[in-house]
2 protein chains.
Amino acid sequence: MTTWVEGARDSGYDVTHLPYGVFSHNGDEPRVGARIGDFVVDLAPIAAAEMRREGHVLESATLNAFMALGRPAWRTVRSWLVATLTDEAAKPDLEPFLFPLADVRMHMPFEVADYVDFYCSLDHASNVGKMFRPDAEPLLPNWRHLPVGYHGRAGTVVPTGTDVRRPCGQRKAPQDAAPTFGPSQRLDIEAELGFVVGTPSRMGTPVSIDDFAEHVFGVVLLNDWSARDIQAWEYVPLGPFLGKSFATSISAWVTPLDALEAARVPLPRQDPTPLDYLRGTDDAGLDIDYEVQWNGTVVARPPYRSMYWSPAQMLAHMTVNGASLRTGDLFGSGTISGPEKEQRGSFLELSWSGQEPITLADGSRRTFLEDGDEIVLTATAPGTSGAPITLGEVAGRILPAG
Amino acid sequence: MTTWVEGARDSGYDVTHLPYGVFSHNGDEPRVGARIGDFVVDLAPIAAAEMRREGHVLESATLNAFMALGRPAWRTVRSWLVATLTDEAAKPDLEPFLFPLADVRMHMPFEVADYVDFYCSLDHASNVGKMFRPDAEPLLPNWRHLPVGYHGRAGTVVPTGTDVRRPCGQRKAPQDAAPTFGPSQRLDIEAELGFVVGTPSRMGTPVSIDDFAEHVFGVVLLNDWSARDIQAWEYVPLGPFLGKSFATSISAWVTPLDALEAARVPLPRQDPTPLDYLRGTDDAGLDIDYEVQWNGTVVARPPYRSMYWSPAQMLAHMTVNGASLRTGDLFGSGTISGPEKEQRGSFLELSWSGQEPITLADGSRRTFLEDGDEIVLTATAPGTSGAPITLGEVAGRILPAG
């Protein structure tokens, strides 16, 4: 299965990947495209001609209408796209609809309905527990029984490349008599994987763990920016709020679930055995390797395969109370941290709460983010052709507090 | 200022109130209406003729487009509506557009963007603290410094009259060795007031406490259904999730902020003095009296005027980190509980964690909700004419677990 698109092979964006995004060209209306190599395929005009049902939803400024059609339609479009991009005879017709990435502007790929963030890494939860509760068991009693999660702010999820202004808020260190107000001094990242819901569900009806692939359209890289000082003061008893809600960044490209078939790996052993609704045949982890770049220096390599709770377990848990899904729902895995120090997906852990600075390539030292710093998360996974696929990166730069 | 609409005076829905909602008649498309007495005024056709700019947004199936126009437009429509409904000469033109409430179906009044729930009642927070942490200070250290809040699930906010299915989930009592799965045995309500955002704000720019009325369109009654057993097991360290996300009910009628001018009252004294961003000239409490009906028996009368944190303080806090507002954002006050036992707005408090059953008019006793139970929240506030206004009620019935 070889594509005629020049440079696509071994680019991470071969015909086995084909992530979707929303782009505009020369100030045109934003519309749906797929990435192949360093090109965007403008899907709207060609799909409209080929596929009446699926085609019109690709003329939209978001992926939502396409995602709402459900898995059979996702597969129809993907199969057609693969067939067309590997058929030399289709090249003359399609070539006018290929735009070099350098000539397009990428937009937010979908409209976020509800945003939920989980806490699925055993190593991350243990590290945080050790730092915040040094005299107690690092893991809280519920952690091994359910994927702990909470709702975040959907309205401040932004696409890669969006600058992030340093948030202000209340902070109070244990030794302070009263809280003070000002810019966060402990601004952090969380390297995560985000799952995007396509097919909605009915209120009152849980989604079975085995129906994961019927509902989830694909994945994005996600950076859950976190102001640790604001979070530490506000979070009891109702959880994180302003320490997180100022911004969450996602990649511009949504990798379809089908492109991750070769990345499926068994979960780490779960002990105790989870309750029935969290056990299924469709359950699996994902073998995705992350890199965290801080002003160009790779400071961590978190491995997604080390995550304790699976994506399907998160989905089953999130809906077991009858909460409905909507097209555009986004749920994040929580910080990806592996067992080794260099596998930690947050600066809170990498700097051990600021006690162990990190040295960047230019010799500068960091604990938390400084104004002007740029963070880029990248990730690769095994592709179905044997060559790895490259997930869409997520980048963001810190602006000074306003 | 007297309206020509029969029965409107002293109905709680006089011309000084005029809440907005979305209705349909005879299976027509849902559209925006205003309530006067026991009638709905179909605003779309008449406003389209009178007000070109504001009129077309009233043909919509949600209030969002109208709310997005901002306060000057809200005032234009309201002034025109008051003038028309008090002008005998307008009666023949308008009468064909008045529908008896009994002949229309009410819908969800607006599309919820983000939903945030606060925890603003000192008495509620103290009661919960006493029950859950009997050996410690009832209030956590941050409570008097900031309005504690968290994000809830926007996709499961439903209008009054929607049945609520009893949620299933994990529960673990302290004496249990491991969690079990099943229907919630401690299903509860929270009587709240909800604030609906009209005018959006820019990401990175906090909303000043004095700009509350520029951004908030109006209020709804809100019932934050809560499964206490699910919540108690899941909520550390990231806050409530499935214990709340199965359903949140709101009234069909949105009372404009201008209709609550006579209900503004000073806040209870705040000690310590809040930080600067939480202090403003536009700050005030609201004098709203609630009734909680359990299968027709009034079991509580929570007073909104006892709330510690003001609506404007909630808004200023929610955005102080630069989080943006969107049209349709909804934020709830948290349970409204006064200092007296019969003023408590949750059954957790009324039954003191199930230890003190409540007797209903039919002689039956309750601690938490049973299948088939119906809860109705109603509320009244001083109106600008001297007569009280009646806020739109929120009702819901419990269906057995699926």
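**Close-up views of a predicted two-chain model**

**Figure 1. The hairpin of β25(B) and β26(B) has 5 residues between its strands, and B:Gly386 takes a positive phi near 105° in this hairpin.** As in every view below, the structure is a predicted model. Strand β25 covers residues 374-382 of chain B, and 8 bridges join this strand to β26(B). To follow the pairing, the reader may locate B:Val376, which stands opposite B:Ala395 in β26(B). Strand β26 of chain B, residues 388-399, also pairs with strand β9, residues 164-165 of chain B. In what sense do β9 and β26 of chain B pair, parallel or antiparallel? They pair in the parallel sense, over 2 bridges. B:Arg165 has B:Leu399 as its bridge partner in β26(B). In a regular strand, the side chains alternate between the two faces of the sheet.

**Figure 2. In chain A, strand β3 pairs with β2 and with β4.** Strand β2 comprises residues 31-36 and strand β3 residues 39-42 of chain A; they are paired in the antiparallel sense over 4 bridges. Within this pairing, A:Gly33 stands opposite A:Asp42 in β3(A). The hairpin formed by β2(A) and β3(A) has 2 residues between the strands, and A:Gly37 takes a positive phi near 55° there. Strand β4, residues 98-100 of chain A, pairs with β3(A) over 3 bridges, again in the antiparallel sense. Here A:Phe39 stands opposite A:Pro100 in β4(A). A salt bridge of 3.3 Å, N to O, brings together the side chains of A:Arg35 and A:Asp38. Is A:Arg35 buried or exposed? With a relative accessible area of 11%, A:Arg35 is buried, because this value falls under 20%.

**Figure 3. Two salt bridges of chain B join B:Asp28 to B:Arg31 and B:Arg326 to B:Asp114.** In the pair of B:Asp28 and B:Arg31, the distance from N to O is 3.6 Å. B:Asp28 counts as partly exposed at 37% relative accessibility, whereas B:Arg31 counts as buried at 13%. The side chains of B:Arg326 and B:Asp114 meet at 3.0 Å, N to O. B:Arg326 is in the loop between α9 (311-319) and β22 (330-332) of chain B, and B:Asp114 is in the loop between β5 (104-106) and β6 (115-118) of chain B, so this pair ties together parts that are 212 residues apart in sequence.

**Figure 4. A network of salt bridges with shared partners lies in chain A.** Which residues does this network join? They are A:Asp188, A:Glu190, A:Asp224, A:Arg228 and A:Lys244. For the whole structure, a search over all chains finds 42 salt bridges.

**Figure 5. A:Glu349, in helix α10 of chain A, is buried yet has no salt bridge.** The helix spans residues 347-350. How far from A:Glu349 is the nearest side chain of opposite charge? That side chain belongs to A:Arg344 and is 5.3 Å away. The side chain of A:Glu349 makes a polar contact of 2.6 Å with that of A:His124 and another of 2.9 Å with that of A:Ser337. Apart from neighbours within four places in sequence, the residues in contact with A:Glu349 include A:Asp123, A:Asn127, A:Met131 and A:Thr335.

**Figure 6. B:Gly218 is part of strand β14, residues 216-223 of chain B.** This glycine counts as buried, with 0% relative accessibility. Not counting residues up to four places away in sequence, B:Gly218 touches B:Gly194, B:Phe195 and B:Val196, together with B:Val254, B:Thr255, B:Pro256 and B:Leu257. B:Leu399 is 181 residues from B:Gly218 in sequence, and the two C-alpha atoms are 30 Å apart in space.

**Figure 7. Chains A and B are superposed by a turn of 180°.** Two copies of a chain are related by a rotation about an axis and a shift along it. Here the shift along the axis is 0.0 Å, and chain B can be laid on chain A with an RMSD of 0.0 Å. The two copies are therefore related as by a two-fold rotation axis. In chain B, B:Gly239 has the C-alpha nearest the axis, at 2.0 Å from it. Of the interface residues of chain B, 100% are also interface residues in chain A, so the copies meet through the same surface.

Technical notes: Residues numbered from 1 in each chain as written. Chains lettered and ligands numbered in written order. Predicted model: local features only at pLDDT ≥ 70, side-chain atom pairs only at ≥ 80, totals over all residues. Heavy atoms only, no water. Least-squares fit on C-alpha atoms with pLDDT ≥ 70 in both. Contact = heavy atoms within 4.5 Å. Salt bridge = Lys/Arg side-chain N within 4 Å of Asp/Glu carboxyl O. Buried < 20%, exposed > 50% of the residue type's maximum accessible area, 1.4 Å probe, protein only. Pairing = 2+ DSSP bridges. Lys, Arg positive; Asp, Glu negative; His and termini not counted. Polar contact = N/O pair within 3.5 Å; in protein donor to acceptor, adjacent residues only side chain to side chain.
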